[in-house]
Amino acid sequence: MDRRKFLASNLGLCLVSMLGCSQKTVKADQLVFSGCTDTQNQHYAAAFTPEGECYFIQPIPERSHHSEYLPNQGQVLFFDRSPGTHFYVIDIDSKKLVQTITAPENRYYSGHGVIDKDNRLFVTENDATTHEGYIGIYEPNNGYTRTGDFPTHGIEPHQLLLKPNSNELIVANGGLIKIDGEIINTDNFESSVVYLNTQTGSLIKQYFAPDPQNSLRHMAISDEGTMFVGAQSYNPNTIPLIFQHTNEEKLIPFEADDFIWDAHNKYTASLAVKGNTLAVTSPRGNITSFWDVKENSFIQQKAFQDCAGIVTLEHNINLFTVTSGIGSIVKVKDKQPGISTDRVLQDAEISNLSWDNHLSFHTFI
């Protein structure tokens with residue numbers, strides 16, 4: 001299903017819901033952030049509680065991709081999806097858009113950014129002419145002034161993460177070269193995961209996708225520092241789509257039968273890890289799959305139509321929230337070896353918002 005198509009079409013319900021949201025007083029000890037779009041193709045930056053209650057919904061001019069909360073500023077950033085040229089600064093207390101940042105000339109954003117312990121913002125950028133990837137460095141304490149960049153040693157960097165308790169930035173170079181919206185290098189993306197020094201920008205190590213037709217794009221990282229990455233495949237054959245890496249000399253694929261990989265329809269979107277469980281969404285496969293990170297193996301999959309966003313919530317239990325492009329919000333509790341206790345917070349059949357690709361989560365206490 002096209003992510004811009006919706007099951008709901010009741011404009012009156014849509015307007016009541018949105019106007020009502022901005023007037024509510026919701027205790028915000030915890031918030032989930034996501035971009036979304038309504039039935040009139042108006043885009044929003046949104047926040048809701050873990051129970052699905054709306055905290056804010058702020059109109060923005062373009063469709064967003066990923067969000068990042070900045071605790072020192074009390075603000076959350078929403079990044080244009082690739083090839084976007086803006087990110088938007090939303091103040092948590094006022095629930096208002098307070099600033100819009102524009103990419104440098106001849107650069108565009110890939111939809112992701114991350115804040116480090118020194119309150120520096122790193123954003124994946126692409127050179128529109130050479131297609132080379134860069135990490136733009138921004139200073140939130142100085143009005144999000146851009147202070148420099150360093151290369152990602154690849155093409156089309158996408159998601160980036162900070163390795164816990166280190167000065168290492170992990171970046172997935174997707175490798176896709178697009179001309180007028182068409183991918184021109186489907187035979188070999190040279191897609192890779194790189195580890196970069198956040199202080200100097202120097203390359204620490206680089207690991208290429210095992211298959212040249214895999215585009216490595218989205219990642220998650222455990223508290224112990226194990227990195228997980230999902231791929232989007234352009235290989236006509238069945239190949240693994242999910243990998244992990246700790247200290248090995250290569251990316252290690254998860255083990256599953258071909259029919260499991262085929263169920264993902266060559267596409268992974270968001271990844272989230274908690275405890276021994278990795279969860280991966282596939283909107284093109286209409287499934288969320290669950291994996292044992294200790295055994296490097298498949299647990300099971302659950303049907304979620306057009307699912308994309310996923311995030312872990314409470315610290316002590318494996319609880320995932322999944323959103324979809326057709327408007328559903330579902331809580332999934334992991335009880336290995338099975339996944340059970342699903343709870344629908346927002347039903348697709350009455351929703352008026354299409355949730356975008358990623359979720360982020362922050363606890364304020």
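Eleven nonpolar, nine polar and ten charged residues make up the lining of the second largest pocket (nonpolar: Ala, Val, Leu, Ile, Met, Phe, Trp, Tyr, Cys and Pro; charged: Asp, Glu, Lys and Arg; polar: the others, Gly among them). The model is predicted, with local features needing pLDDT of at least 70 and side-chain atom pairs counting only at pLDDT 80 or more, while totals for chains, interfaces and linings use all residues. Residues are numbered from 1 along each chain as its sequence is written, and side-chain values use heavy atoms, without hydrogens and water.

A pocket here is an open set of points on a 1 Å grid over the protein atoms alone, where a 1.4 Å probe fits, with protein on both sides within 12 Å along at least five of seven lines; lining residues have an atom within 4 Å of a point. The second largest pocket has a volume of about 750 Å³, the volume being the space filled by probe spheres set on the points, which are joined across faces, edges and corners. Of its 30 lining residues, Arg81, Lys178, Arg217, Gln232 and Tyr267 lie nearest the centre.

The largest pocket has a volume of about 1600 Å³. Its lining has 49 residues, and Leu161, Ile221, Asp223, Thr312 and Phe361 are the closest to its centre. This lining divides into 21 nonpolar, 20 polar and eight charged residues. Strands (DSSP runs of E, at least two residues, numbered from the N terminus) that each supply at least two lining residues include strand 12 (157-162), strand 18 (214-221) and strand 26 (307-312).

Glu249 lies in the loop between strand 20 (242-245) and strand 21 (252-253). Glu249 counts as exposed because its relative accessible area is 72%, the cut-off for exposed being over 50% with a 1.4 Å probe and protein chains only.

Note on methods: Helices (H or I, at least four residues) and strands (E, at least two) are DSSP runs, numbered from the N terminus. Buried means under 20% relative accessible area, exposed over 50%, partly exposed in between (1.4 Å probe, protein chains only).
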